[in-house]
Amino acid sequence: MRVLGLSAFYHDSAAALVEDGCIAAAAQEERFTRRKHDARFPRSAIAWCLGSAGIAPGDIDHVAFYDKPFLKFERLLETYLAFAPRGFESFRMAMPVWLREKLYLKKLLLDELRTLDPGVDWSQRLLFSEHHLSHAASAFYASPFDRAAVLTLDGVGEWATTSLAHGEGANLSITREIHFPHSIGLLYSAFTYYTGFRVNSGEYKVMGLAPYGQPRYAQRILDHLIDLKPDGSFRLDMQYFNYCTGLTMTNDRFHQLFDGPPRTPESLLTQREMDLAASIQAVTDEVMIRLSRSVAAETGHRNLCLAGGVALNCVANGKVLRDGHFDQVWIQPAAGDAGGALGAALAAWHLHLGQPRPPRADGEDRMQGAFLGPEYAQADIERRLQAMGARMQVLDETGLTEATAGLLAGEKAIGWFQGRMEFGPRALGARSIIGDARSPKMQSVLNLKVKFRESFRPFAPSVLAEDVSEWFDLDRPSPYMLIVADVAAGRRREMTAAESALFGIEKLNVVRSEIPAATHVDYSARIQTVHAGTNPRYHALISAFKARTGCPVVVNTSFNVRGEPIVNTPEDAFRCLMGTDIDALAIGNCLLLKSDQDPALQARYETTFEQD
Amino acid sequence: MSIFRELWRYMRARRKYWLLPVMVVMVLVGGLLVLAKGSAIAPFIYTLF
């Protein structure tokens with residue numbers, strides 16, 4: 001039996017196919033349409049999911065949508081009513097969209113499904129799951145645990161912004177919720193907006209900026225914006241926010257509280273923004289820690305699953321883990337709304353259809369390393385690259401691994417395109433740009449010449465799973481790059497007095513460890529452990545790099561430029577090679593050196609994407 | 001018409017009959033806005049709306 005899960009119409013549309021309870025395929029629409037956070041119905045992702053499984057649309061037994069539009073409409077109306085007459089401007093903007101489109105979402109879905117196969121009565125197969133139940137299902141059912149507490153936190157779904165659920169076997173039930181407008185995700189987004197970044201994509205930047213600052217506004221946030229209880233529950237003081245009634249996140253009262261207007265996007269970052277980022281990060285950490293402690297006490301569980309957009313905050317995740325109230329913490333790699341598609345499908349399978357969880361190896365989750373997307377056969381890669389005019393060497397697998405490891409050791413930036421694409425926002429060694437973590441210049445090279453993004457942004461290390469504790473203060477796997485921990489003390493370099501005295505962005509160029517390219521200014525790192533079982537080629541590459549250099553760590557960033565979705569096809573990858581200062585591309589068994597390529601094919605294209 | 005039937009079923013399921021007049025008024029005002037404006041651009045904070 002097959003269930004197709006869908007998320008769409010808000011942001012990060014995606015499709016996920018579950019066959020007999022196993023996750024067969026999952027992909028985000030943006031990867032196919034090349035439009036970041038694409039919210040349109042995921043036609044391409046569905047077509048790919050069905051094609052990869054070799055099935056026709058009529059073979060789908062159920063389609064599960066990831067949230068309930070009427071409940072969302074109810075929240076909208078009740079919010080406008082509660083704040084009337086304020087909010088008319090927002091109402092004026094939102095109502096046409098709802099009356100023309102979103103209110104008829106069921107019809108819209110059925111119309112789209114009929115285009116797949118007009119002969120099927122899709123209305124009998126279409127199911128709806130609540131937004132936070134979808135998140136919770138994506139976390140619990142995909143996790144390695146038979147019993148666990150499940151915490152989901154995001155901006156907002158229908159009403160819920162934070163949910164606590166209890167999972168056991170095939171059962172999953174939400175036991176407590178915090179409702180809109182009180183939302184830790186929206187509080188974080190308010191600071192994302194206020195510090196001049198884009199809501200819904202700039203939150204990573206705030207998290208990356210935080211270590212440059214001091215949390216000197218944290219107490220002000222706790223005193224005025226959020227009433228945080230000892231059990232982690234909270235209420236926001238809505239006097240300071242504009243998102244219920246206006247078209248911005250914050251209002252004048254908020255701006256007065258923090259001594260000035262929001263930063264203009266793309267303007268110079270100052271110490272103030274860094275301190276604001278550090279402050280909201282500290283408050284988020286505290287909320288997450290208190291919530292997880294109360295969940296542990298309430299449920300008695302020793303395993304915790306996390307999902308929802310806030311669960312992508314790997315700094316807070318690391319603090320929850322180290323707080324020690326749970327033995328194990330598992331975070332859904334597609335914790336944002338794209339993962340809702342997977343969660344809706346899994347919820348339909350287990351809760352609606354009453355099916356048991358399939359057996360799995362002890363301690364293994366069901367995500368297959370998150371490598372659930374498209375892959376390309378060697379012959380297809382060669383054909384596609386030749387059609388693009390690429391010049392390449394075709395090697396055997398070992399030859400490609402050794403040649404790439406040699407290039408890495410020579411401080412080259414490499415596009416690494418192997419196997420199935422990742423599901424979720426992180427590149428995990430299937431569609432990655434990688435570099436030598438030991439190189440002091442790698443961070444700025446990758447930021448400014450390859451990714452065309454802000455120089456302050458840190459890069460994550462990929463480390464062989466068996467070596468993680470020798471290089472980082474972490475004693476367990478972190479395969480999805482969702483845990484932040486410090487570089488091991490023995491690998492750090494002590495700061496001189498002059499270096500210690502540096503402030504903010506000046507800290508950036510100080511070499512802080514044996515792996516400076518992957519060490520943030522506070523010695524932290526967003527760690528990805530690489531496992532031979534789930535990603536053998538990437539594991540072999542880092543092993544070969546280690547054999548040459550003694551270092552089992554490489555820098556890993558997503559294979560794209562700023563504002564671009566991660567590359568999906570060999571053509572996307574070749575375009576990225578020719579449009580940036582990447583030195584080489586290893587794709588399947590093909591190795592392409594930039595210096596070998598026809599210069600006429602070089603074309604910068606980063607301006608074609610809207611800045612995120 | 002099926003949308004009205006579905007909305008009614010939803011209100012019964014949620015026991016939120018008091019939403020009916022709110023919905024009627026808001027839908028009427030919203031409908032006027034649709035006719036007057038002719039554009040349907042999602043607001044800035046699209047996650048919420």
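The model is predicted. The domain assignment divides chain A into domain 1 (2-132 + 336-370), domain 2 (184-330) and domain 3 (378-608). Nine strands of chain A form an open sheet with mixed pairing.

**Sheet order and edges**
- The strands of chain A run in the order β13-β21-β20-β14-β15-β19-β16-β18-β17.
- β13 (393-394) and β17 of chain A are the edge strands, each pairing on one side only.

**Strand β17 and its partner**
- Strand β17 of chain A spans residues 483-486, and pairs with strand β18 (residues 524-530) of chain A in the antiparallel sense over four bridges.
- Within this pair, A:A485 has A:A525 in β18(A) as its bridge partner.
- A:I483 and A:A485 point one way from β17 of chain A, while A:V484 and A:D486 point the other way.
- All of these β17 residues are buried, A:D486 included.

**Strands β16 and β19**
- Four bridges also join strand β16 (residues 460-464) and strand β19 (residues 553-558) of chain A, in the antiparallel sense.
- Here A:V463 stands opposite A:V553 of β19(A).

**Contact between domains 1 and 3**
- The C-alpha centres of domain 1 and domain 3 of chain A are 32 Å apart.
- Domain 1 of chain A gives 13 residues to the contact and domain 3 of chain A gives 15 residues.
- On the domain 1 side, the elements giving two or more residues are β3 (22-28), α1 (30-33) and α13 (337-352) of chain A.
- The largest share of that side, three residues, comes from α1(A).
- By class, the domain 1 side has five nonpolar, four polar and four charged residues.

How values were computed
Residues numbered from 1 in each chain as written. Chains lettered and ligands numbered in written order. Predicted model: local features only at pLDDT ≥ 70, side-chain atom pairs only at ≥ 80, totals over all residues. Buried ≥ 20, exposed ≤ 12 C-beta atoms within 10 Å, placed from the backbone. Pairing = 2+ DSSP bridges. Domains from an automatic or database assignment. Contact = placed C-beta atoms within 7 Å. Nonpolar A, V, L, I, M, F, W, Y, C, P; charged D, E, K, R; others polar.
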